[in-house]
Amino acid sequence: KYGEAIKKISEQEYEYPNIIVVDENDENPRLARYKEAIANGWIRRTAHVCLVDPSTKKILLQLRAPHLATNPNTWELSAAGQVDEGETYEDAARRELAEELGLQNIGAFDPIAKVFREYTKSHAPDAPTVRAWTTVFRTEYIGGELQHDPEEVSEVRWFLKEEIEAGLVDNPQQFESSFGIIWSKIKDHV
């Protein structure tokens, strides 16, 4: 699991493997350390997964663990994370789904949006701004036990699109700080 690959330095600081950073056009990739990329405002690549139950049309969201430095205790898509050294967006999406939810044998991953995000690491007024190119993949839940990694995920829950829409209006703070940006690009494709 990815949580095992991360060396916990303190409650708020982690050591990540090399990640891919790019320019404003998602070109000219190079490697960087996560902390260096954030500190310098470099643009990262990230991958997100929207897992849909085809029988109910519900979408699986995860509640981020309370001890995470970025957006703790907030809902986000089914799985999400950095594109690490040697990975494509899809490789990262599949890895994150396996690490965060224990799902390995998933079928097709359909890219449904590519989004440039400039957002804060939390809802706090003094939170640093980060930038990322994010590809969101849609895939269908075909069964298997969901085993979320408690180092990264507190809870998983299935939501109807209408529940997500209402939550973004009634209490947007319950979602990861850039969730609204991503949702606006994918809601018609899930």
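Visitor: Where does lysine 187 lie?
Guide: Lysine 187 sits in the segment that follows α5. Keep in mind that we're looking at a predicted model.

Visitor: Is lysine 187 buried, exposed or partly exposed?
Guide: Its relative accessibility is 27%, so lysine 187 counts as partly exposed.

Visitor: And what does lysine 187 touch, not counting residues up to four places away in sequence?
Guide: With those left out, lysine 187 touches Lys161 and Glu165.

Visitor: What separates lysine 187 from isoleucine 38?
Guide: Along the chain they are 149 residues apart, and their C-alpha atoms are separated by 28 Å.

Visitor: Back to α5. How do α4 and α5 pack?
Guide: Helix α4 covers residues 161-170 and helix α5 covers residues 179-186. They pack at an angle of about 140°, and their axes are 12 Å apart. Angles over 145 degrees would count as roughly antiparallel, and α4 and α5 are therefore oblique to each other.

Visitor: Is the crossing of α4 and α5 left-handed or right-handed?
Guide: That crossing is left-handed.

Visitor: Which residues meet there?
Guide: From α4 you have Lys161, Ile164, Glu165 and Leu168, and they meet Phe179, Gly180 and Trp183 in α5. Sorted by class, the contact has 4 nonpolar, 1 polar and 2 charged residues.

Visitor: What does glycine 167 touch, not counting residues up to four places away in sequence?
Guide: Pro172, Gln174 and Phe175 are what glycine 167 touches on that count.

Visitor: Let's go inside. Which residues of the largest nonpolar core touch the most other members?
Guide: That core has 20 residues, and the ones touching the most other members are Val49, Ala93, Leu97, Leu103, Phe109 and Phe137. At least two residues each come from β3 (19-22), β5 (43-53), α3 (89-101) and β10 (129-140). The largest share is from α3, with 5 residues.

Visitor: Why would residues like that gather in one place?
Guide: As a general matter, nonpolar side chains in soluble globular proteins tend to be buried together.

Visitor: Pick one for me. What is valine 49 in contact with, leaving aside its neighbours within four places in sequence?
Guide: Valine 49 is in contact with Leu77, Ser78, Ala79, Ala93, Leu97, Phe109, Phe137 and Thr139. Apart from this core lies another one of 18 residues, including Val52, Ala113, Ile164 and Ile186.

Visitor: New topic, loops. Where does asparagine 105 lie?
Guide: Asparagine 105 is in the loop between α3 and β9 (110-120). Its relative accessible area is 71%, so asparagine 105 is exposed.

Visitor: How are asparagine 105 and isoleucine 142 spaced?
Guide: In sequence they are 37 residues apart, and in space they are 8.9 Å apart, C-alpha to C-alpha.

Visitor: And what lies in the loop between β3 and β4?
Guide: One of the residues there is aspartate 26, in the loop between β3 and β4 (30-32). At 7% relative accessibility, aspartate 26 counts as buried. Asparagine 28 also lies in the loop between β3 and β4, but asparagine 28 counts as exposed, at 55% relative accessibility.

Visitor: What does asparagine 28 touch, not counting residues up to four places away in sequence?
Guide: Asparagine 28 touches Val21, Val22 and Asp23. As for cysteine 50, asparagine 28 is 22 residues apart from it in sequence and 27 Å apart in space, C-alpha to C-alpha.

Visitor: What about the phi of aspartate 26?
Guide: Aspartate 26 has a positive phi of about 60°, although it is not a glycine.

Visitor: OK, and what phi does asparagine 71 have?
Guide: Asparagine 71 isn't a glycine either, and its phi is positive, at about 50°. You'll find asparagine 71 in the loop between β6 (58-64) and β7 (75-77).

Visitor: Is asparagine 71 buried or exposed?
Guide: Asparagine 71 is buried, its relative accessible area being 2%.

Definitions and conventions. Residues numbered from 1 in each chain as written. Predicted model: local features only at pLDDT ≥ 70, side-chain atom pairs only at ≥ 80, totals over all residues. Heavy atoms only, no water. Core = buried A, V, L, I, M, F, W, Y, C linked by side-chain atoms within 4.5 Å. Buried < 20%, exposed > 50% of the residue type's maximum accessible area, 1.4 Å probe, protein only. Helix = DSSP H or I, 4+ residues; strand = E, 2+ residues; numbered from the N terminus. Contact = heavy atoms within 4.5 Å. Axes fitted to C-alpha atoms, helices over the stretch in contact; angles between N-to-C directions. Parallel < 35°, antiparallel > 145°, perpendicular 65-115°, else oblique. Left-handed = near helix turned anticlockwise from the far one by under 90°. Nonpolar A, V, L, I, M, F, W, Y, C, P; charged D, E, K, R; others polar.
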